[in-house]
Amino acid sequence: MAYLLHSPLCLLIAQLVVIIVTARVLGVLARKIHQPLVIAEVVAGILLGPSLLGLVAPDVKAALFPAASLGILGMLSQVGLILFMFLVGLEMDLGLLRGRGRASVLISHTSIVVPFLLGAVLALYIHPTLMPEGVAFSSFTLFMGAAMSITAFPVLARILTERRLLRTKVGAVTITCAAVDDVTAWCILAFVVSIVRATAITEAVVTTILAVGYTLGMLLLVRPFLARVAARGTGREGLTQNIVAVTFVLLFLSAWATELIGIHALFGAFLMGAIIPREGGFARILAEKLEDIVVIVLLPTFFALSGLRTQIGLLNTAEAWIQCGLIILVACLGKFGGSYVAARWTGLGWRESAALGILMNTRGLMELIVLNIGLELGVISPTLFTMMVLMALVTTFMTTPILQVVYPPEALAKDLLEPPLADKRVTLPEGFSVLMCVAFDRSGPGMAQIAGALIGKQTTSDRLYGLQLHRPAERTSSLLEDEDAAESPSALEPLLARSRDHGLAVRPMSFVSSEPARDICSVAEVKDVDLILLGWHKTLIGQAFLGGTVHDVMKGAQADVAVLVSRDLQAVRRVLVPFCGSRHDEVAVRIARRMAYAAGAEVTVLRIRFRNADAPHVDAFLADIASDKVRVVEAVDDGNKAADLVVKAAQGHDLVVLGSAPLPTDQILSQCPTSFLVVHHHGRPEPVQRRPRPLTEPSTDAVAQV
């Protein structure tokens, strides 16, 4: 290995490859357990450091991360941090602070003051064993208070978006409080850093005066200049390389100025990002140009460096672990307790207050940045640094699972989708309701055809919903924009247009979702629909027809599910229903019969008899549904030829309505060019107070209207 890493450049390239691959692999695993990417990146850094790699393979660790190379890695990570803090400033839309009222101000300041005071009290207990020699107790106490006050705004924005909380009251209040927290906490930290670096009171006063003058200069001189620059670069064509170069020169000059003043270069980068004008998308375009290289390449080097500094082996006594547990407890009490009490004081309910407290307790990457500043300044020891890193991991890791309990999908769906409707199901009028889930615009027209066939002429009691789910954006900088963009139902337009042609009124719904199957089931339950209609699309990996999201919806839905394979479905005039007698086949027959009564479709039920298999109950069911609109024909399967019988019978039909079992669905679909509707019965007993599912023919009045 030493031969492969013979030059500093080869070594740096190898380090970057290992760091990026480790972070990305762990990121996939983190997503599986619904954790933010920062958890994976922090853990990746710890695994590559002395806590794991140094223990199991010390030679590999020494060859890959020799002490002599850490200087280069450190400078690269510092550049990455400067650019990242610039991104944080770009994302910090101070417009969030306008019009939020007294509640957000009270909650945000309480969530700063309470953990700060608790951190200062904690410093009294831990300073005899964890405060480095030569550090003033006042500096140590101020830093502990500031470190306990941090909330991770970028991680919080992603969690709110993925959980679809941004559009709720608690989400709006939380994102505002987090913005205020970040600005306030960084100002406090800048003051603490100036105190720590100052060798005398006069020097601290000079640093404070220079910092205030610098801030005023940025707001009064640089910001207007940037507004003029933004006016010339409001589009991608206008944002030339010269404009980008000017912006980055100002960024590095700002970071340089704050480093000279004595309040750390990161504050200059943050303020530069915060004053960038948002008008015309200037800040968004800058973020798009910068974010991938920072988040994928440069930022993981900071995590690796933090991991190399994290030595869990230093916590080798019971007292050390007790102190670590106490730090985690104080951190949670300060942030969660302070936010919860303040939220309740302002009138929020217990669920919203608890969710806000949990979210504000998220620390993530921002805490690591603060801790590294403290370690570089020598104000905290390596042992305390390790304890605080574990605290940041625990408080970030616990956010999503606890939020899942406090704010479950059902409660969230009720908040987002008309709570009165969700709470009064027993008063719903009789009718037929369909939830049409559209992933791609090409699915819409076929779904509208199916809805038209099921409804006929829509009555006031029939309800049709069109649902489009957006996956969360990869870029943190575009999360808020994507949440707003979700309001525009672009993929629903073909569905809505075809529905209007049929005289159908479809209510569109669109929002961000990281778990589409679960959210589809939640919306269906809140809307109390009779049928969930999904579009089918070929999977990226594998050939299973009823796999992926379709399988998960069928497994979790409280309503019947139908999957449409539309092969240019233009009309529903002739319908074939293969029937073997399963519960899924029975629902398929009822859906087809509804099409016959609502839209006048000709329905043929293909009764497939298996040799030496008697089924009197099946014959009784078919005798009951047979009518002038539904005819039953028989075919005998004399040797595993059921699929061939269906393919042959489907010729000349517009649509085949097929139960998801027992016939070989994949084989039939691959051989038959006809459009298909594959039906899955939900298989759960009906709730006592739930209205009957009208999967039979429409009422007499509805038929008369058709």
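His-264 is buried, with a relative accessible area of 5% (buried means under 20%, exposed over 50% and partly exposed in between, using a 1.4 Å probe and protein chains only). This is a predicted model, in which local features need pLDDT of at least 70, side-chain atom pairs count only at pLDDT 80 or more, and totals for chains, interfaces and linings use all residues. Residues are numbered from 1 along each chain as its sequence is written, and side-chain values use heavy atoms, leaving out hydrogens and water.

**Backbone**
- Most residues other than glycine have a negative phi.
- His-264 has a positive phi of about 80 degrees although it is not a glycine, and its place is the loop between helix H11 (241-261) and helix H12 (265-275).
- Asp-528, also not a glycine, has a positive phi of about 55 degrees and counts as buried at 2% relative accessibility.

**Aromatic rings**
- The whole structure holds three aromatic pairs (rings of Phe, Tyr and Trp, its six-membered ring, with centres within 6.5 Å; planes under 30 degrees apart are stacked, over 60 edge-to-face and the rest tilted).
- One of them joins Phe-86 and Phe-248, with centres 6.1 Å apart and planes at 55 degrees, so the pair is tilted.
- Phe-86 lies in helix H5 (residues 70-91) and Phe-248 in helix H11, so this pair ties together parts 162 residues apart in sequence (helices are DSSP runs of H or I, at least four residues, and strands runs of E, at least two, numbered from the N terminus).
- Phe-86 is buried, at 0% relative accessible area, and Phe-248 is buried at 18%.
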